[in-house]
Amino acid sequence: MGRVRHWGLLLTLAGTLVADAAAQAVPDSIRGAYPALPPGAASVPFEVVRALSTPMSSIDEPVQQVLGTETQWRAWWTRFYSFLAPIPEPPAFEEGRVAAVIALGRMPSAGYHVGVEGVFDADGERWIAVRMEVPGPTCIVSQVQTAPATAVWMPPSRGPVRFLERRVERSC
């Protein structure tokens, strides 16, 4: 009876390891879209900060940055929402995670978007896959300046962080 339990435990652990490895595999669609992503890259969990994922921000220039302290987080939040008065309270900066922030800067019209498609670790580095959408030539868009931006929570990296960009033209 003891051997049966041990085999059951061993099979459960093996199943967990296989599930974890499958969850960390880089999808073919990401690998094809970001050919600079090193082989052997493993997916890292991340969470989009909804309050900072918008076509309207106060960030006028392109930015790709990792914020590792609450002071940096609060400064970014204040800069991001400087067009509001009063500025809303930011989400809590929790120990054990960092924020990656990406802004396209000032755009000439609506129809621009930025998002994170994945976060990966490879060769001692963190890789963030960033998708930038731009309106195609036949798109009808509002003639208003925008400043698309996004942010994600993720575990801290032990090495340097690199942003991989891909530009996608939206057809309308």
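I began with Val63, whose bridge partner in E4 is Ala103. Strands here are DSSP runs of at least two residues, helices (H or I) of at least four, both numbered from the N terminus.

The model is predicted: local features need pLDDT of at least 70, side-chain atom pairs count only at pLDDT 80 or more, and totals for chains, interfaces and linings use all residues. Residues are numbered from 1 along each chain as its sequence is written, and side-chain values use heavy atoms, without hydrogens and water.

Next I looked up the pairing of E3 and E4. Five bridges join them, and they run antiparallel. Two strands count as paired if DSSP finds at least two bridges between them.

I then traced the whole sheet. It is open, has four strands in the order E2-E7-E4-E3, and pairs them antiparallel. Strand E2 (47–48) and strand E3 (63–67) stand at the edges with a single partner strand each, so one side of each has no neighbour in the sheet.

I turned to E7. Six bridges join it to E4, and two join it to E2. Val152 in E7 has Ala100 opposite, and Val48 also stands opposite Val152.

Is E7 enclosed or open to the outside? Six of its six residues are buried, so the rest of the structure largely encloses E7. Buried means under 20% relative accessible area, exposed over 50%, and partly exposed in between (1.4 Å probe, protein chains only). Ala149, Ala151 and Trp153 point one way from E7, while Thr150, Val152 and Met154 point the other way.

Last, I checked Phe83. It is in the loop between helix H3 (70–80) and strand E4 (98–103). Phe83 is partly exposed, at 47% relative accessible area.
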